[in-house]
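Here are a few exercises to work through with the model open in your viewer. Try each one before you read its solution.

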Amino acid sequence: MIVVTGATGNVGRELVRILAGSDERVRVTATSRGIGPKDVPPGVRAVPADLTDAESLRPVFEGADAVFLQNGGASLGRIRPRDIVDAAKAGGVRRIVLLSSQGVATRPESPSHGQAVRAVEDAVREADTEWTVLRPGGFHSNALAWAASVRAERVVAAPFGDVGLPSVDPADIAGVAALALREPGHAGRIHELTGPAPTTPRERAEAIAAALGEPVRFVELTRQEARAQLPAFLPEPVADTTLDILGTPTAAERRVTGEVERLLGRPALTFADWARRHVEAFR
């Protein structure tokens with residue numbers, strides 16, 4: 001049995017779909033706050049639980065062989081990672097695949113992107129289980145923050161319009177997670193996941209326009225203008241580090257790792273691929 005935490009998120013939802021369709025012998029339990037049967041494919045057990053409450057996870061982990069552990073996302077500062085790992089081990093879990101963040105390596109001094117996520121990594125890596133850590137950079141799906149303005153005005157407004165980063169498709173992260181959960185050879189490994197090439201915000205706006213078949217205007221914001229908007233989506237410390245990454249990325253944050261292609265045996269999905277699959281969100 002495989003447990004997927006964060007099962008209604010961008011990665012978790014894709015992972016549940018992959019696992020549910022992969023092998024009839026694989027039993028999947030999907031968990032997140034407020035999840036219900038309508039949120040999962042047929043045959044998948046949906047059990048509400050909260051990463052900030054490790055006790056709520058104990059019955060979910062009971063009898064599980066492997067767990068996909070989401071790092072906590074917006075709730076990261078309120079989770080107790082060692083309690084979660086202890087609950088997994090008590091349930092019989094032998095393999096943990098953690099969705100971490102590239103920031104653990106590239107922004108180790110950042111309380112949000114580095115230190116808090118590293119605490120979750122440490123808890124997993126110090127547990128007496130097989131572990132695999134996935135460290136993606138930015139997600140293609142972060143562009144959903146533009147969906148409302150594209151629908152209303154056919155406008156994308158973003159800072160640093162010509163700074164490119166190799167964002168990664170959540171479907172590719174899910175594909176790698178499915179491998180690490182089901183197959184040998186990933187224990188003790190850290191997989192840094194990126195897309196196939198850097199793209200800029202201006203280029204991503206063009207890809208959305210191409211998917212729609214309609215022009216989309218790009219408006220470049222100043223850092224200050226972007227900073228004023230981000231707290232609607234992110235806590236303030238997270239917003240500041242996010243803007244640093246978007247505006248002045250390190251060489252490591254610009255690098256294409258090639259891990260997705262090496263692991264999945266096909267090229268990583270481009271942002272244009274993602275935009276075509278999710279075009280209805282922008283229509």
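**Exercise 1.** How many bridges join strand β4 to strand β5, and do the two run parallel or antiparallel?

*Solution.* Keep in mind that this is a predicted model. Start by finding β4 at residues 66–70 and β5 at residues 95–99. Five bridges link the two, and the strands run parallel. For one of the partners, look at Q70, which is bridged to L99 in β5. Now zoom out to the whole sheet: it is open, has seven strands and pairs in parallel, in the order β3-β2-β1-β4-β5-β6-β8. Finish at the edges, where β3 (45–46) and β8 (189–193) each have a single partner strand, so one side of each is left without a neighbour in the sheet.

**Exercise 2.** Work out which strands helices α1 and α2 lie against.

*Solution.* Take α1 first, at residues 10–20: this helix lies across β1 (2–5), β2 (28–31), β4 and β5. Its direction is at about 160° to β1. Next comes α2, residues 54–61, which packs on the sheet and touches β1, β2, β3 and β4. For α2, the angle with β1 is about 150°.

**Exercise 3.** Which residues touch the most other members of the largest nonpolar core?

*Solution.* The core has 30 residues, and the ones to pick out are V4, L15, L19, F68 and L181. Then ask where the core's residues come from: β1, α1, β2, β4, β5, α7 (170–182) and α12 (259–264) each give two or more. The top contributor is α7, with eight residues. To see one member up close, select L19; leaving aside residues up to four places away in sequence, this leucine touches I2, V4, V26, V28, A178, L181 and R182. There's also a second, separate core of 26 residues, with V3, A49, I79 and V124 among them.

**Exercise 4.** Is N142 buried or exposed?

*Solution.* Locate N142 in the loop between β6 (130–136) and α6 (147–153). Its relative accessible area is 52%, and the cut-off for exposed is over 50%, so N142 counts as exposed.

Key
Residues are numbered from 1 along each chain as its sequence is written. This is a predicted model: local features need pLDDT of at least 70, side-chain atom pairs count only at pLDDT 80 or more; totals for chains, interfaces and linings use all residues. Side-chain values use heavy atoms; hydrogens and water are left out. Two strands pair if DSSP finds at least two bridges between them. Helices (H or I, at least four residues) and strands (E, at least two) are DSSP runs, numbered from the N terminus. Contact means heavy atoms within 4.5 Å. Axes are lines fitted to C-alpha atoms, for helices over the stretch in contact, and angles run from 0 to 180 degrees between N-to-C directions. A nonpolar core is a set of buried Ala, Val, Leu, Ile, Met, Phe, Trp, Tyr and Cys residues joined through side-chain atoms within 4.5 Å. Buried means under 20% relative accessible area, exposed over 50%, partly exposed in between (1.4 Å probe, protein chains only).
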